[in-house]
Amino acid sequence: MALNRKIGYVDLTTGEVDVQPIPLEARKKYLGGRGLDAYLLYNHTKKGCDPLGPDNVLLISGGLLTATCASATARTHVMAKSPLTGMLGSANMGGFFAPEMAWAGFHHLVIRGKAKKPVYLYVHDGTIEIRDAKHLWGLSTTDTQWAIREELGDEEVKSCVIGQAGENLVRFANVMTGVKNAAGRTGMGCVMGSKNLKAVAARGTMDINIAHPVEALEYNKGFIDQITSAKVNQTQGTLGTPFIWGATNSWGGLRTRNFQLNQLEYADDIEPERLDEIATETIGPHHMTGCFGCQVHCRAQYRIPSGPHAGKYDEGPEYTSQGAFGAEPECRSAETVLTGNHLVDQYGMDNLEVGSLIAWAMELYELGIINKKQTGGLDLRFGNDEALLEMTERIAFRKGWLANALADGGIPASEKIGKNSFDYLIQVKGMSNLHSDERATPALALNIATASRGSDHLRSRPAIDLYHLPEAVLRKIYSSPIPYEGPLSSEHTSYEGKPWQVFWQENCYMAVDCLGICKYHTVFLGATLPNFEDWPKVIYYNTGLEMTPEEIWEAAERCNMLERMFNLREGLARTDLKKGDMLNHRYFDEPCLRGAPGVVGLTIDRKKFKQMVDEFYTHKGLDKTGKPKAATLKRLGLAKEPSHLV
Amino acid sequence: MAVDKRKKSTSESLRNTRTYGKFRCHNPSCMGRLQPEGGQGEVQCPECGMAFRVAWIRPDFPRIRGPVWEVNRKLAEEALKNKEGN
């Protein structure tokens with residue numbers, strides 16, 4: 001059954017491998033995926049461990065439902081202490097890797113130590129082998145995966161790998177699988193690089209016995225219908241995530257020129273419909289594809305239409321590449337967006353971090369805080385497409401003073417650049433913000449300020465807040481499975497009830513990350529997509545594990561608290577701009593200048609923001625400083641951590 | 001496990017509230033429902049005056065492609081001027 005997948009412990013220093021079962025108690029408390037990874041990270045690292053040292057553990061996992069009959073359970077989760085933030089490192093990707101690892105017998109890998117020379121792991125039908133990777137070092141992410149398949153003589157092998165950025169210890173290097181699926185935040189590829197671990201390859205032929213197969217398949221038919229009939233997923237299946245970028249830009253919610261503006265005007269060449277045309281022209285009408293077991297098919301395939309990389313194949317781009325190579329550096333060319341997307345995919349770098357840091361450097365350059373000597377001769381002005389792409393390549397290889405500084409992440413770079421450069425760095429907990437502007441959306445501002453891995457939209461963003469849903473609909477969603485009778489507002493510029501929405505979404509997203517499901521299959525972009533009430537059936541039919549919606553909620557709450565406990569152990573302090581639940585001053589001081597009439601002029605109200613954080617802490621059972629109360633830890637069964645269940 | 005197959009979950013019951021053929025005006029102080037005619041390329045909100053270019057996912061499924069830049073920029077500048085005046 002799905003529950004008998006194992007944890008593989010690998011020590012790269014000694015070469016020792018140990019395989020252990022996952023006790024049912026651990027399953028019920030932490031489910032799997034990101035939640036159980038949070039438990040493993042808290043238990044297997046010590047306070048203050050060096051993120052790039054042998055004592056940091058790298059966790060790679062699938063969710064509780066991975067590789068079962070449940071829909072879209074393709075997500076692979078990667079966790080470690082982050083070399084970018086010094087706090088929680090966590091990233092999640094689609095593709096086909098986690099199901100393959102599950103068929104090979106494993107749901108979690110715990111990798112510690114450091115190999116003397118480059119190696120890769122081969123996970124195969126209950127065994128884990130450490131193999132030489134000297135010949136793979138220096139290859140791009142795609143070439144690495146093909147070279148492993150060739151070496152093993154099996155085209156069904158799935159690998160998660162690092163590219164040159166991970167090898168060069170760029171602190172926001174990705175772990176990647178396929179052409180563009182990226183565990184692309186908090187520098188998990190850098191942790192792999194620090195361990196001399198080039199790849200983890202998996203091939204499995206071990207059956208996963210479904211507890212109630214007939215019911216599981218029958219239920220999944222309805223589940224698929226629920227998912228594919230949602231308007232948001234039909235749009236995703238046509239345009240991919242660029243449609244979100246287009247809509248966000250339309251009303252003025254898009255971070256532009258490193259936060260100077262909130263809209264990229266006349267961006268017609270990089271709008272989703274234009275990118276769709278290019279994909280159709282270069283690949284054909286059926287250019288949308290999907291991850292394992294998913295019917296949404298939100299991933300476009302394309303070839304770069306022109307320029308020095310013309311004809312090269314890639315996938316995407318996603319919202320984040322439109323932001324990184326479009327709005328942030330104020331570039332308006334599809335060729336630039338598609339080329340930039342290709343470069344970060346091949347080198348294995350976080351497009352979001354790359355685009356944000358270069359846009360930040362562009363603002364510093366225009367302000368005279370850095371000069372042309374420091375940019376290595378580049379005229380790093382906004383709108384300079386060539387400089388943008390050149391700097392992207394330089395960062396991957398740490399070439400030149402500025403690129404080398406940026407490759408260490410925003411906060412260390414600001415310390416090297418000096419002057420008042422930090423004031424312009426748009427980050428939370430050391431991680432750059434998504435290419436969205438939250439000044440008109442207090443709920444989203446609270447989300448990015450309090451997200452566990454730093455500024456992030458995939459940890460607690462109530463994106464449906466933008467849909468102006470009737471209050472009755474909001475109440476139906478947000479009052480289950482835990483009753484809630486407090487305020488809720490349909491108005492997305494309001495502060496009313498938003499802390500509860502963020503708290504609810506935090507638990508919702510943690511639950512799907514534990515189950516291994518994609519967020520497009522829950523209440524992220526669509527209000528009518530499955531959530532807590534739907535998951536008990538999927539879990540029971542596929543695994544036989546009986547859980548109520550309330551128990552799933554509590555497990556998610558517990559896992560979120562563990563992530564917070566990890567961050568507190570590593571120095572989280574509520575109002576610390578570098579390590580806290582706090583936003584850059586520009587959110588409070590500089591009004592939106594573009595967008596809809598109801599958006600221009602808005603800032604986040606400092607006093608109301610503080611009240612939102614207070615209220616959010618109350619919902620979570622934290623004290624005013626953001627630390628869990630003793631009663632909360634007792635209620636969640638976390639009073640005696642670390643407990644070393646696994 | 002006592003799985004009640006008849007009872008609809010929140011997400012299943014909310015499915016009936018989906019509306020096709022319409023979208024909301026992107027002005028948060030308006031959010032009026034707009035319903036373009038089939039194939040229409042632009043639509044203007046009768047309430048707040050914002051204008052949008054329309055794209056069609058399917059013949060019965062329109063979405064906002066983006067603003068009509070000149071129209072909406074003018075509205076934004078006027079709104080900003082009024083807010084700064086206050």
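Author: Before we count anything, two residues are taken to be in contact if their C-beta atoms, placed from the backbone, lie within 7 Å. Please also keep in mind that this is a predicted model.

Reader: Fine. With that cut-off, what percentage of the contacts in chain B between residues at least 6 apart join residues at least 24 apart in sequence?
Author: Among the contacts in chain B between residues at least 6 apart in sequence, 21% join residues at least 24 apart.

Reader: And what radius of gyration does chain B have, against a compact globule of 86 residues?
Author: Chain B has a radius of gyration of 19 Å, whereas a compact globule of 86 residues would have one near 12 Å. Along its principal axes, the C-alpha trace of chain B spans about 65 × 35 × 20 Å, and buried residues make up 28% of the chain's 86 residues.

Reader: Which elements is chain B built from, in order from the N terminus?
Author: The order is α-β-β-β-β-β-α, with two helices and five strands in chain B.

Reader: How many residues of chain B are in contact with chain A?
Author: There are 35 residues of chain B in contact with 41 residues of chain A. On the chain B side, the elements that give two or more residues are helix H1 (10–14), strand E4 (51–58), strand E5 (61–67) and helix H2 (69–85) of chain B. H2(B) provides the largest share, seven residues. Sorted by class, that side of chain B holds 19 nonpolar, eight polar and eight charged residues.

Reader: Switching to chain A, how is it divided into domains?
Author: Chain A is divided into domain 1 (2–203), domain 2 (230–432) and domain 3 (442–635). The C-alpha centres of domain 1 and domain 3 of chain A lie 27 Å apart, and the contact takes 40 residues from domain 1 and 29 residues from domain 3 of chain A.

Reader: Which element gives the largest share of the domain 1 side there?
Author: That is H2(A), with seven residues of the side of domain 1 of chain A that touches domain 3 of chain A. The residues on that side divide into 17 nonpolar, 17 polar and six charged.

Definitions and conventions. Residues are numbered from 1 along each chain as its sequence is written. Chains are lettered from A and ligands numbered from 1 in the order in which they are written. This is a predicted model: local features need pLDDT of at least 70, side-chain atom pairs count only at pLDDT 80 or more; totals for chains, interfaces and linings use all residues. Helices (H or I, at least four residues) and strands (E, at least two) are DSSP runs, numbered from the N terminus. Ala, Val, Leu, Ile, Met, Phe, Trp, Tyr, Cys and Pro count as nonpolar, Asp, Glu, Lys and Arg as charged, and the others, Gly among them, as polar. The radius of gyration is taken over C-alpha atoms; the globule rule is 2.2 Å times the number of residues to the power 0.38. A residue is buried if 20 or more other C-beta atoms lie within 10 Å of its own, exposed if 12 or fewer, and partly exposed in between; C-beta atoms are placed from the backbone. Domain bounds come from an automatic or database domain assignment.
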